[in-house]
Amino acid sequence: GEVGGGGGEMLKKTKQRKPGDIFGTSLSEQTLTDGGVPAFVHAMCTHILSDGVVQHNGLFAEQATDAELEDARQLLEELGVDDADLSDLSPAACTGILTEYFKELPEPLTGTLYEPLLESLRHPTEALQVSEAKALVRQLPEPGRSTLVYMLRFLSGVAHYDAFNQTSTRALAQHFAQPLMWSQAPGYRQLKEASDKVKLFKLMIEAHADIAE
């Protein structure tokens, strides 16, 4: 159904949605935490940052089988993220299903500001690049902005355990830059600036605290 314009109406609508309305659903139609982040994203990231998962060697590099991903999706769609036991999922299934979730979002977290964000790399220093990216992130509509900031903090937390999981900020940027940041412009060639996108996203992960201010 359509989402109402008022905040109370929107909350009422999201509460009525089925547990399975996770994948391929607009952020504004999902159940959000008090911090404005999709409940699925918060639960999955919190689980991945637990000791048993985040220190797993090859985290985000190791791929789950199609069967594992299908089982994970079915578990989440049938029970909802609050009732599903995420410890039943392998580390690869957890990271794989989180990646699939973002790939299936109908809109990018960067809204209509993807191209201006890439332009921030034209500044001569990283400090100026971060400053420009921070100003642009502030302009993003919710819940995209809160979700992007949350993911930057989460990915920095994963990279903190690099000595155990062999997952650097660059590897994480290569993994998540495309599903989180893309252009909605018709016919836009998404891959023409792939290296710039990874460079920008790596910078944003490393400067997550500054960008979140």
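The model is predicted, so local features need pLDDT of at least 70 and side-chain atom pairs count only at pLDDT 80 or more, while totals for chains, interfaces and linings use all residues. Residues are numbered from 1 along each chain as its sequence is written, and side-chain values use heavy atoms, with hydrogens and water left out.

The protein has twelve helices and zero strands; helices are DSSP runs of H or I with at least four residues, and strands are runs of E with at least two, numbered from the N terminus. Overall values are given below.

| Property | Value |
|---|---|
| Buried residues (under 20% relative accessible area, 1.4 Å probe, protein chains only) | 49% of 213 residues |

A nonpolar core is a set of buried Ala, Val, Leu, Ile, Met, Phe, Trp, Tyr and Cys residues joined through side-chain atoms within 4.5 Å. The largest has 62 residues, of which Phe40, Leu76, Leu98, Phe102 and Phe201 touch the most other members. Helix α8 (residues 144–159) gives the most to this core, with nine residues. Not counting residues up to four places away in sequence, the contacts of Phe201 include Leu148, Leu152 and Phe176, a contact being heavy atoms within 4.5 Å.

Helix α5 spans residues 91–103. Eleven of its 13 residues are buried, so α5 is largely enclosed by the rest of the structure. Among these buried residues are Leu98 and Phe102. The buried residues of α5 pack against α2, α3, α4, α8 and α10.

Conventions
Buried < 20%, exposed > 50% of the residue type's maximum accessible area, 1.4 Å probe, protein only. Expected span 1.5 Å × (residues − 1).
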